[in-house]
Amino acid sequence: MSTDFFNFIDGVHRPGSDGRTFENRTPLDGTLIGMVHEASAADVDAAVGAARAALAGPWAGLTTAERSDLLHAVADEIDRRSDEFLAAEIADTGKPVSIASHIDIPRGAANFRVFADVVKNVPGEFFPMPTPDGAGALNYGLRRPKGVIAVVCPWNLPLLLMTWKVGPALACGNAVVVKPSEETPATATLLGEVMNAVGVPAGVYNVVHGFGPGSAGEFLTTHPDVDGITFTGETRTGEAIMAAASKGVRSVSLEMGGKNPGIVFADADLSDAVAGTVRSAFANTGQVCLGTERVYVERPVFDEFVERLAAEATATTFGDPFDPLTQMGPLISNEHREKVLRYYRQAVDDGATVVTGGGVPDVGDRYAKGAWIEPTVWTGLADDSAVVTEEIFGPCCHVRPFDTEDEVVALANDTPYGLAATVWTTDVGRAHRVASRLEVGLCWVNSWFLRDLRTAFGGMKHSGIGREGGVHSLEFYTESTNVCVKI
Ligand code: NAD
């Protein structure tokens, strides 16, 4: 059975006004899931207009506590319909239920709950000050919603990353127009039903489908009535969006690519380090912005680490996404697989030792047309090989030995990116020292992907601008006014 994925504008699911559609196929086996209705420039204009109108409607009249209650109701409704969200996300991305049911869908609901609570607990800012007449003055800060927020999303964690933006945007009283990835239209569309069911006013949450340049992505990010653009995706797309935002001086929040280092010291608990690196390199088929693609291992434990990592990778199970024992799904598309396989070939051309993987697994006839790929571990590449310097976004990593702390810090920082790092050591002093020297927005010690949603999230250098999470999100999703009252 095929499904239509409609735009969601002013509380109504609608086809595009010029009748254009495109196919949505599952990467599991290439089967057609349904047709996606592409938004025209006029549809994007209608969505932005609906969002603008909502800001002047009943939405604006809600107290923070009432808005918070509504967002809790959104979260509860996602939980209640989690099987539908799960099925939609699995069809769109091919990811196994073992990941989607533990990470993607619950985090989709949690993103509303956390920000619904955060906005009720924002500390105020008060600065009394002296004045020459001795009476004094009092400064205090006011916050108001920024306005119409464009939310431009990638395909790797569709519901999770979209709600990571929509949750705080709505909690702060904004209205949003979401542009999901063209690869993963399903859960953003389904969320429209949830918004209507719990009574979020029409126009507060809108969805426009399509591509980037010459399509909904460009129409939305260049729309003059959008007040801010929050984007997750590739660095070069972020550059284009930042250029678009400069017209009209709109603010941007950019969460972009990474080439994240993992550092394993010889004093680490090696079992933990191997298990953590298996997750950080291969989870979600390596399609996680925070994933590790460069691993540096202190020489005394290098051989053992590589052997154990490769053994885990070789034992990976593929196949039926609804089998709880399936560990790895396909990549998002055959086109993306071709890109990743180009790096696999490049590694061989550059003289890598392919410790495991390097190709396409045999997943049987049922899934033969899917975008499956083997988890891959290399050693022996030069530090300037494109495989070691460029983001691949596949289930692969290069492992290289190091001898000193200074050397590994320099290697880890030798990248234009600055998103995340992992450090594995039992030396507490070293953990703090190294974490403070790494040029990244997020540093995990003896763990990976442990997230408290109140903490700052984002990258430095080419990995992003701005931080979101907890009260940090308020910097982007609100405007502030300082009021200075002479007493
Ligand atoms: P992408 O940049 O190709 O696309 C992201 C979104 O931007 C899509 O919705 C796309 O249609 C839209 N888009 C493309 N060109 C546009 C344009 N010119 N104007 C407006 N919109 C445009 O990214 P992707 O391939 O979907 O996702 C993978 C990338 O996302 C990786 O680089 C990954 O590292 C990054 N990512 C980063 C984070 C983070 O938090 N830092 C999280 C997840 C993914």
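Biologist: In this predicted model, what makes the charged end of Lys146 count as sitting over the ring of Phe476?

Modeller: The charged end of Lys146 is 4.4 Å from the centre of the Phe476 ring. The cut-off for NZ of Lys is within 6 Å of the ring centre, and within 35 degrees of the ring normal. Arg430 is placed over the face of Phe265, with 4.2 Å to the ring centre.

Biologist: How many aromatic pairs does a search of the whole structure find?

Modeller: The search gives 11 aromatic pairs. One of them joins Phe8 and Tyr205, and that pair is tilted.

Biologist: Why is the pair of Phe8 and Tyr205 called tilted?

Modeller: The ring centres are 6.0 Å apart and the planes make an angle of 45°. Pairing needs centres within 6.5 Å; under 30 degrees would be stacked and over 60 edge-to-face, so 45° is tilted. Phe8 belongs to strand E2 and Tyr205 to strand E10, 197 residues apart.

Biologist: How do you know whether Phe8 and Tyr205 are buried or exposed?

Modeller: Buried means under 20% relative accessible area. Phe8 has 1%, so Phe8 is buried; Tyr205, also with 1%, is buried.

Biologist: Why is the pair of Phe318 and Trp372 called edge-to-face?

Modeller: The planes of Phe318 and Trp372 are 85° apart, with 6.3 Å centre to centre. The angle is over 60 degrees, so the pair is edge-to-face. Phe318 lies in the loop between helix H11 and helix H12, and Trp372 in the loop between strand E15 and strand E16.

Notes: Residues numbered from 1 in each chain as written. Predicted model: local features only at pLDDT ≥ 70, side-chain atom pairs only at ≥ 80, totals over all residues. Heavy atoms only, no water. Helix = DSSP H or I, 4+ residues; strand = E, 2+ residues; numbered from the N terminus. Buried < 20%, exposed > 50% of the residue type's maximum accessible area, 1.4 Å probe, protein only.
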